[in-house]
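Let's take a walk through this model together, beginning with a pair of rings and ending with the overall dimensions. Please have the 3D view open and follow along.

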Amino acid sequence: MLQILGLTLHFGSKLLLDHASVQINKGMIAGLIGRNGAGKTSLFKVLVGKLEPESGEVLFPNAWRYAYLEQELPENADSITVLNCALSGDSEYVKIKSD
């Protein structure tokens, strides 16, 4: 299960999350909605370890795999489509495609 416990996160002076907690069990399907600037992307950056919260913790099972696609393509990706950029993160797909 994925657990977010007491997470507090600011973006500059704006409070995005104030001691937020949630538990997502294996097999559950969850969605995240909110206005622009509400903190959805920042939360995902915390989940994948790209951003540190001010307080709280994320418990993420070691056996779980996840994929994460940045909102913006890398600067050197002028000749790649968003789809190909996303698929390049799937090592099994890349291996099959190159064989």
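This is a predicted model: local features need pLDDT of at least 70, side-chain atom pairs count only at pLDDT 80 or more; totals for chains, interfaces and linings use all residues.

Searching the whole structure turns up 1 aromatic pair. The ring centres of F60 and W64 lie 5.8 Å apart with their planes at 80°, so this pair is edge-to-face. For reference, rings of Phe, Tyr and Trp (its six-membered ring) pair if their centres lie within 6.5 Å, and planes under 30 degrees apart count as stacked, over 60 as edge-to-face and the rest as tilted.

Residues are numbered from 1 along each chain as its sequence is written, and side-chain values use heavy atoms, with hydrogens and water left out.

Now for the fold. The protein has 3 helices and 3 strands, running β-β-α-β-α-α from the N terminus on. These elements are DSSP runs numbered from the N terminus: helices are H or I with at least four residues, strands E with at least two.

Look next at helix 1 (residues 40-47), whose buried residues are S42, L43, V46 and L47. They cover an arc of only 145° around the axis (from the directions of the helix axis to the C-beta atoms), which puts them on the same side of helix 1. What covers these residues includes strand 1 (2-11), strand 2 and strand 3 (55-59), where contact means heavy atoms within 4.5 Å. Setting aside neighbours within four places in sequence, L47 is in contact with L2, I4 and V58.

Where do the nonpolar side chains gather? The largest nonpolar core has 9 residues: L2, I4, L7, L9, L16, L17, L43, V46 and L47. Strand 1, strand 2 and helix 1 each supply at least two residues of this core, and strand 1 gives the most, with 4 residues. Such a core is a set of buried Ala, Val, Leu, Ile, Met, Phe, Trp, Tyr and Cys residues joined through side-chain atoms within 4.5 Å.

Strand 1 also holds Q3. Leaving out residues up to four places away in sequence, Q3 touches V22, Q23, E57, V58 and L59. Over in strand 2 (residues 14-24), you will find H19, which has a positive phi of about 55° although it is not a glycine. H19 is exposed, with a relative accessible area of 55%.

Finally, step back to the whole protein. The C-alpha atoms fill a box of roughly 45 × 30 × 20 Å, taken along the principal axes. The radius of gyration, taken over C-alpha atoms, is 16 Å, whereas a compact globule of 99 residues would come near 13 Å by the rule of 2.2 Å times the number of residues to the power 0.38. Buried residues make up 17% of the 99 residues.

Note on methods: Buried means under 20% relative accessible area, exposed over 50%, partly exposed in between (1.4 Å probe, protein chains only).
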